[in-house]
Amino acid sequence: MAIDEQLIEVGKLKWFYRQAKPIGKSDKLPVLLLHGLPSQSYSWNEVLPALAEQGFRAIAPDWIGFGLSSKPDRRDFAYTPDAFIDALAGFIAALEIERFYLVVQGFLGSAGLQYALRHSEQIERLVILNTPVTTDAKLPWKIKQLGLPLVGDMMTQDPLLVDRTLEGGSGYQISDKDLDVYRRPFLKSSDAGRSLLYTVRNIQMVPAMAEIAAGFPAWQQPTLMIWGMNDPWLPFSQAQSFANSLQNAEVVKLEEGRHYPQEHWSEKVSNALIPFLRRQEI
């Protein structure tokens, strides 16, 4: 199943996204998959065709500031959760998507959860992979240092930060072929490093987690949590606590998985994700 690479202009911002479409007509709602830090939509490359084979239109954008999407100056884009949420709303509207399945992962995936709370009428079902979801969640040092004065300015201009962060979170070696994709924006322009720096500095974990903790106990849509059990940054206890607070949630444990389970356990992620999306409500 081929993956299309697309660019769409929304106001002054250009969104790059990867998309896999089902063959023939399908009445299924689309699936929107959001990546975390410092990743890209490329992390969903194995999951996208698996969804399309089951009749879903699967869409994975690069967040603004990441991958091949626009990397605006901080004077034009605040790199706060609110800025990302507003930009995401524009992207979804530009694609003329009214209702969809939402899949989020990682730090910055939390902005997707905030979007879901503010636009719950659009979300059919929600899937969460190793994303901060409680007030106990903290930005790990490996990511936090990317926003420090002077140190962060230097580190975010080093393309090898991608290797160190993605491999540090996943616990597995990432192939040179994949690393070439992740490094490319940092090799092309200093803008990629600056966007990452601004994002880490403005991620606002405390108020973001407070909004999620306050809002989701009233959440009614079916929710699936797929969790890499060996995540060095977000322990399963946080996922279980969050799931217990929801009215309609289930949990799938990936015993070998860590922070980026879609990278190294994409087949198991797809095997948990697809039946959940296909299931008929009783």
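Which residue is the bridge partner of R18 in strand 4? The points below take up this question first and then turn to the rest of the fold. The model is a predicted one.

1. The partner of R18 in strand 4 is A60. This bridge belongs to the pairing of strand 2 with strand 4, which is antiparallel and comprises four bridges. Strand 2 covers residues 13-20, and strand 4 covers residues 58-61.

2. The sheet as a whole is open and contains eight strands, in the order 1-2-4-3-5-6-7-8, with mixed pairing. Strand 1 (4-10) and strand 8 (249-254) are at the edges; each has a single partner strand, so one side of each has no neighbour in the sheet. From one strand to the next, the twist averages 20°.

3. At one end of this order, strand 1 pairs with strand 2 in the antiparallel sense, over seven bridges. Within this pairing, Q6 is bridged to Y17 of strand 2, and I8 stands opposite W15 of strand 2. The two strands form a hairpin with two residues between them, and G11 there adopts a positive phi near 65°. As to burial, strand 2 is mostly covered, with seven of its eight residues buried.

4. Strand 3 (residues 31-34) is covered on both faces. In a regular strand, side chains alternate between the two faces of the sheet. Here V31 and L33 lie on one side and L32 and L34 on the other, and all are buried. Strand 3 runs parallel to strand 4, to which two bridges join it. The partner of V31 in strand 4 is A58.

5. Two packed helices are described by the angle between their axes and the distance between the axes. Helix 2 (residues 81-94) packs against helix 3 with the axes 9 Å apart and an angle of about 65°. Helix 2 is therefore roughly perpendicular to helix 3, and the crossing is right-handed. Helix 2 contributes P81, D82, F84, I85, L88, A89 and I92 to the contact, while helix 3 contributes A111, Q114, Y115 and R118. By class, these residues comprise eight nonpolar, one polar and two charged.

6. Helix 3 (residues 109-118) also meets helix 9 (residues 205-215); their axes come within 10 Å and cross at roughly 45°. These two helices are therefore oblique to each other, and their crossing is left-handed. On the helix 3 side the contact involves S110, L113, Q114, L117 and R118, and on the helix 9 side A208, M209, E211, I212 and G215. The classes here are five nonpolar, three polar and two charged residues. Q114 and R118 of helix 3 take part in the contact with helix 9 and also in the contact with helix 2.

7. Helix 6 (residues 161-170) and helix 7 (residues 176-188) have axes 9 Å apart, at an angle of about 135°. Helix 6 and helix 7 are therefore oblique to each other, and helix 6 passes helix 7 in a right-handed crossing. L161, V162, D163, L166 and E167 of helix 6 meet L179, Y182, R183 and F186 of helix 7. The contact contains six nonpolar residues, no polar ones and three charged ones.

8. Leaving out residues up to four places away in sequence, T199 touches L37, F66, Y79, F84 and L108. Of these, F84 also belongs to the contact of helix 2 with helix 3.

9. Q238 is located in helix 10 (residues 236-245). Its relative accessibility is 9%, so Q238 counts as buried. Beyond its neighbours within four places in sequence, Q238 is in contact with V133, T134, D136 and A137. Q238 and V133 are separated by 105 residues in sequence, yet their C-alpha atoms are 7.1 Å apart.

Notes: Residues numbered from 1 in each chain as written. Predicted model: local features only at pLDDT ≥ 70, side-chain atom pairs only at ≥ 80, totals over all residues. Heavy atoms only, no water. Axes fitted to C-alpha atoms, helices over the stretch in contact; angles between N-to-C directions. Parallel < 35°, antiparallel > 145°, perpendicular 65-115°, else oblique. Left-handed = near helix turned anticlockwise from the far one by under 90°. Contact = heavy atoms within 4.5 Å. Nonpolar A, V, L, I, M, F, W, Y, C, P; charged D, E, K, R; others polar. Pairing = 2+ DSSP bridges. Buried < 20%, exposed > 50% of the residue type's maximum accessible area, 1.4 Å probe, protein only.
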